[in-house]
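Open the structure in your viewer and keep the selection panel handy. We will go from stop to stop, with something to pick at each one.

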Amino acid sequence: MNNKPIVELKNLSKNIKGKKIIHDLNLALYPGQITGFLGPNGAGKTTTIRMMVGLMKPTSGDILIDGQSIQSHFEEAISKVGVIVENPEMYKYLTGYKNLEHFARMNKNVSKARIDEVIRQVGLEKRIHEKVSTYSLGMRQRLGLAQALLNKPKFLILDEPTNGLDPAGIREFRNYLRKIAEEDGVAVFVSSHLLSEIELMCDRIAVIQNGKLIDMREMNTNEQPHYYIEVESNANITTIFADAGIVYEQHEKGWLVQAEKKQIPAIVQSLVARDINIYAVNPYHKTLEDQFLEMTGGGQIAETSSK
Amino acid sequence: MLKLVQNEWMKLWRKKATWIMLIMLVLFTIGTAGIMKWVSNSDFGDSTGGNVSVKKVDGGEKAPELTWQEVEKANIAEKDKMLKEDGLSKADKEEWNKQKSISEYRLKKDLPPDSEMTSESFMLSSISTLAIATMLTIVIAAGIVASEFSEGTIKMLLTRPVKRWKILTSKLLTVLLYGVAMAVVTWITSSIVGFILFDSSGVNYLKWNGDEVVEQSIWIRSLYLYLLSSINIFVTAIFAFMIGSVFRSNALAIGISMLIWFMGGTIVFFLKNYEIVKYLFFTYTDLTQFATGNVLVEGTTMPLAFAVLSVYMVIFMAISYIVFTKRDITA
């Protein structure tokens with residue numbers, strides 16, 4: 001994979017009415033990688049995204065897209081970006097096709113053939129000549145994706161992209177993102193509240209809280225394997241774990257133990273040997289949601305840090 | 001830039017409201033002509049034309065029939081008397097002189113004044129219909145930027161590889177184009193309606209150029225008036241455009257523009273006696289006043305009007321461009 005980042009956020013800060021919304025944010029996004037952008041409400045996700053697409057001006061710091069500053073070389077920088085900011089608001093009184101034509105005219109090299117191609121890709125062929133006002137939310141999302149792809153972006157930035165899509169649509173969308181990331185080397189930056197969605201879609205996640213980047217992790221790094229064990233309640237199980245030198249914690253009705261797969265038979269045998277009834281032994285994966293809550297400490301609305 | 005204007009033009013005419021407004025404008029022009037022909041034609045003196053069925057109560061307050069020559073002579077005598085009075089203002093003097101000269105010219109060349117509505121006089125009076133065109137242009141001008149904010153489409157529009165000032169310029173050009181289009185529609189509609197509903201007298205417009213009376217083709221005269229009115233539409237459009245770029249709500253922008261536009265005349269009226277009125281925007285929102293001689297504020301002239309308006313235009317545009325290009329988009 002290419003090691004030169006396509007997008008770089010450098011010491012990005014934003015003050016709104018004297019309040020620091022974004023503190024000194026640094027982030028690099030690489031071709032072919034899908035990065036999830038998470039954070040509790042009010043953490044500064046939308047502000048960051050709006051700065052990345054030139055809708056807001058950073059107070060200090062800069063954003064480089066393919067090496068060009070979005071502030072000093074706006075047209076060159078943004079021509080490599082495809083954007084969906086929140087709900088894609090299209091012109092409702094125009095047909096889907098007219099909307100695409102409208103946005104295509106604002107780019108230098110978008111041909112009629114390209115318009116037809118993206119319509120096919122998002123599966124809107126049948127309804128494209130109808131007015132957007134007759135579209136369902138899911139169809140508007142598809143049209144939103146179509147307009148973002150018109151200019152064959154090197155960098156795709158999506159804010160809440162699956163909002164309003166049906167399960168089949170979400171899966172299709174996910175596969176499509178994977179495909180363009182892998183085949184065309186597009187860097188994708190997705191913000192979403194649907195953590196399970198991010199989990200399935202992303203290669204890595206960036207977590208923001210109170211305007212600061214608090215964590216950046218690869219999704220498929222092997223975390224410590226955990227197993228969930230549920231036994232009869234009055235069993236004196238903690239001493240057994242302690243004797244075996246296993247890290248454990250209470251979880252729901254049972255216990256979560258940190259153990260390798262090969263340790264499991266021994267644990268089960270020791271429980272059976274003590275006549276403890278076992279109800280369940282399952283491999284356990286911490287979901288992104290658990291990790292997210294762990295990182296952000298419960299995910300309450302971020303307090304505005306004034307300065 | 002051409003493509004951007006094409007975009008804006010397409011968006012404008014794909015809205016139903018735009019067409020409804022256009023139809024309203026045409027209907028209003030036709031309606032005005034209809035009212036003039038069938039309802040209030042009696043205002044135009046005796047039915048010397050003969051083919052118009054104006055019923056009038058005989059006798060009454062009407063003076064015994066005078067020939068138009070007698071009327072003009074009486075007019076000249078009256079103006080002579082008025083001109084001899086003391087303490088006439090320069091503007092009054094000029095006006096009486098003008099009216100007297102025109103009457104004299106009619107007698108000399110044997111040109112009777114229009115005794116009833118003719119195609120020609122309708123053409124010239126239709127200039128007032130342009131107030132509707134101006135109003136429609138205000139609606140469009142105030143809404144063209146504000147509606148993008150209201151509908152949330154502004155974020156789609158501004159994340160294209162086109163700098164913001166270019167987008168704003170394309171919108172401004174579209175508004176001005178719309179204003180011209182509305183003026184042209186009004187002109188064409190009035191010409192057609194005028195020549196269908198009224199008889200053409202074939203006379204020329206009598207113009208007082210300060211020294212003597214000259215004849216001017218009615219077409220040139222009406223085009224001149226329409227040209228001046230188009231400038232009115234332009235400056236008013238730029239004013240509304242500024243309001244629309246500053247206020248992001250569509251309804252608010254249109255409302256405020258309309259309100260200020262209507263209040264403008266009142267403000268001028270109240271400040272009439274102060275020097276400052278000469279430098280107000282609204283003193284000059286109707287340039288035809290200098291062509292017809294009904295000047296709103298004494299001492300103002302066309303060159304002064306152009307000078308003052310240019311300064312306002314620069315200020316209005318500067319505000320629009322600065323606000324639009326610097327603003328953080330949170331819609």
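**Where the two chains meet**

Start by selecting both chains of this predicted model: between chain B and chain A about 3000 Å² is buried, and carbon and sulfur atoms give 56% of that area. On the chain B side, pick M156(B), R160(B) and P161(B), which lose the most area to chain A and together make up 22% of what that side buries. The contact draws 28 residues from chain A and 31 residues from chain B.

Next, show the side chains of K14(A) and D328(B), which form a salt bridge at 2.5 Å, N to O. Polar contacts between chain B and chain A come to 16 residue pairs.

Which element of chain B gives the largest share of the side that touches chain A? Select helix 1 of chain B, with six residues there. Color that side of chain B by class and you will find 14 charged, ten nonpolar and seven polar residues.

**Over to the sheet of chain A**

Now select the open, antiparallel sheet of four strands in chain A, ordered 2-1-4-5. Strand 2 (19-29) and strand 5 (68-69) of chain A are at the edges with a single partner strand each, so one side of each has no neighbour in the sheet. Zoom in on strand 4 (residues 60-65) of chain A, joined to strand 5 of chain A by two bridges. Here I65(A) has Q68(A) as its bridge partner.

Finish with helix 1 (residues 45-52) of chain A, which packs on the sheet and touches strand 1 (7-16), strand 2 and strand 4 of chain A. The direction of this helix makes about 120° with that of strand 1 of chain A.

Key: Residues are numbered from 1 along each chain as its sequence is written. Chains are lettered from A and ligands numbered from 1 in the order in which they are written. This is a predicted model: local features need pLDDT of at least 70, side-chain atom pairs count only at pLDDT 80 or more; totals for chains, interfaces and linings use all residues. Side-chain values use heavy atoms; hydrogens and water are left out. Contact means heavy atoms within 4.5 Å. Buried area is the accessible area (1.4 Å probe) that two parts lose on being put together, summed over both. A salt bridge is a side-chain nitrogen of Lys or Arg within 4 Å of a carboxyl oxygen of Asp or Glu. A polar contact is a pair of N or O atoms within 3.5 Å; within protein, one must be able to donate a hydrogen and the other to accept it, and residues adjacent in sequence count only if both atoms are side-chain atoms. Ala, Val, Leu, Ile, Met, Phe, Trp, Tyr, Cys and Pro count as nonpolar, Asp, Glu, Lys and Arg as charged, and the others, Gly among them, as polar. Two strands pair if DSSP finds at least two bridges between them. Axes are lines fitted to C-alpha atoms, for helices over the stretch in contact, and angles run from 0 to 180 degrees between N-to-C directions.
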